[in-house]
Amino acid sequence: MAHIVVNTKKSKGTVNKNIYGQFAEHLGRCIYEGVFVKEEEGIPNVNGMRTDVVNALKNIKVPVIRWPGGCFADTYHWMDGIGPAEKRKKIVNTNWGGVTEDNSFGTHEFLELCRQVGADPYICGNVGSGTVQEMSDWVEYCNMGGVSPMADLRRQNGHEEPWNVKYWGIGNENWGCGGNMTPEYYADECKRYSTFVRNYDNDHPVYKIACGANADDLNWAKVVAEKAGQFVDALSLHYYTVTGPDWVNKNKATEFSKSDYFETVKKTLRLGEIMDENIAVLKRASKDDHQLKLIVDEWGNWFQVEPGTNPGFLYQQNTIRDAVVAGLNLNMFNDRCDTVVMANIAQMINVLQAMILTDGPKMILTPTYHVYDLFKDHMDARHVESYAETEDLKDGDYEIPSLSVSSSEKEGKLCITVVNTDPDKEADIDIIVGGVKVSGAAARTVAGDLTAHNTFDKPDTVSIREIAAEVTDGGAGIKVKLPASSVTSIIATEM
Ligand code: AHR
């Protein structure tokens, strides 16, 4: 029997709903086919947005979507994507497969997608190959309510009211695909760009996100935070779980060994340490009245592409191993909610660790999607302290903790999410609840063999199922048996 302690008297604040954010890039079949379809494809849609996909995203209450990239963002010139679709410039997507990008999905279409899903837009500007004027104009186009050249152009293109886009990224991975800059050079650019990312409505101030570190490149984070920190609200952090001997021989998504799994869990948990190191850098660089926040706007498993698919499209399957990784990361973000205010999994559809996979008119929900469904009660809830008494599991060189947990409370309900990383054994858990008593508990889980996944022929191999949860000790405890390799949410009603 293992113990989990939930102490409702201690909290790190509110779990920002944006921790459950998504990332959608012009990459492979994420936007085109995944979200946006043309009439001739015959797939039910509203204004081009797939109805099945939009409904699935609404169900998990996607709070924010980052767009248009990624590496694509630093090659994207937003004016190519406005005005009559047939007149839009066709360009080459040089980062992803060298395919033709016809710009039929542009600013209006992205903001229409956000409207349909009910998500906030997060637009990443082009610092690598764009201009300050171009980014400044983009903000004016989206946010200016009165008369101005860009507001007038927006109206001419059919949108009267401003969208009031709050989140603006000042470039993407400018240490790499976004221009291979030094941190000093980027910090100067970031200051210049941020200066001209203006507020057009004091009731809707913009929120600026500087390009932060690639994983544990703390020098990048330090230089940018110190030199440009006062001009932005947050720094980003990118961290992918990449396993295998080297980049070319990365792990496959559905065929892997137990030792590959242990390596995946171990490398995923490294993000917790990296976030803490980045947070420490941001705290040191922040001035008292301006605390810089951390936004993990790209994270997830990066495996080999599915055999026979375009290597530039990054299309991979998604198994129970991905569910475990999603659960571990989301628990780590929740427990750092005083500083981590947004996270965007890469990516929303058909790319990397996706929520949804599509094949023509067919759509499947991945194990990762089901984890987002289980965790949605954490959004905007009051974080409460929780920890697990774990044993370490060993496989060869890798040692991993057997359990991970995070908890929150909202409207008289406690939400406790637990990952049992043990691929072989169920876990009998005694949850000790402090600070409140509970009168009832219900548990739902995503579990299965590590390689279990959904296919277009068998879309429900992995889905959410209920498991027993029993209130004990007159409301001071909950007993639950977690299946092997599972992610579980326990919702308890407070007395
Ligand atoms: O998500 C795929 C790519 O990974 C993004 O375009 C880039 O920012 C990162 O390197």
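**Where the two domains meet**

Across the interface of domain 1 and domain 2, the rule finds 1 salt bridge, meaning a side-chain nitrogen of Lys or Arg within 4 Å of a carboxyl oxygen of Asp or Glu. The side chains of Lys258 and Asp424 meet in a salt bridge, with 2.8 Å from N to O. The model is a predicted one, in which local features need pLDDT of at least 70 and side-chain atom pairs count only at pLDDT 80 or more, while totals for chains, interfaces and linings use all residues. Residues are numbered from 1 along each chain as its sequence is written, and side-chain values use heavy atoms, with hydrogens and water left out.

Domain 1 covers 16-379 and domain 2 covers 384-494, with bounds from an automatic or database domain assignment. Their contact (heavy atoms within 4.5 Å) takes 39 residues from domain 1 and 41 residues from domain 2. The size of an interface is often given as the accessible area lost when the parts come together. Here the two domains bury about 3400 Å² between them, 68% of it on carbon and sulfur atoms; this is the accessible area (1.4 Å probe) lost on being put together, summed over both parts. In domain 1, Phe262, Ile320 and Leu374 lose the most area to domain 2, together 23% of what that side buries.

A friendly place to look next is Phe375. Phe375 is buried, with a relative accessible area of 0%, where buried means under 20% (1.4 Å probe, protein chains only). Among the residues that Phe375 touches are Tyr20, Leu330, Thr417 and Val487. The C-alpha atoms of Phe375 and Thr417 are separated by 7.0 Å, although these residues are 42 residues apart along the chain.

Technical notes. Buried < 20%, exposed > 50% of the residue type's maximum accessible area, 1.4 Å probe, protein only. Lists of a residue's contacts leave out its neighbours within four places in sequence.
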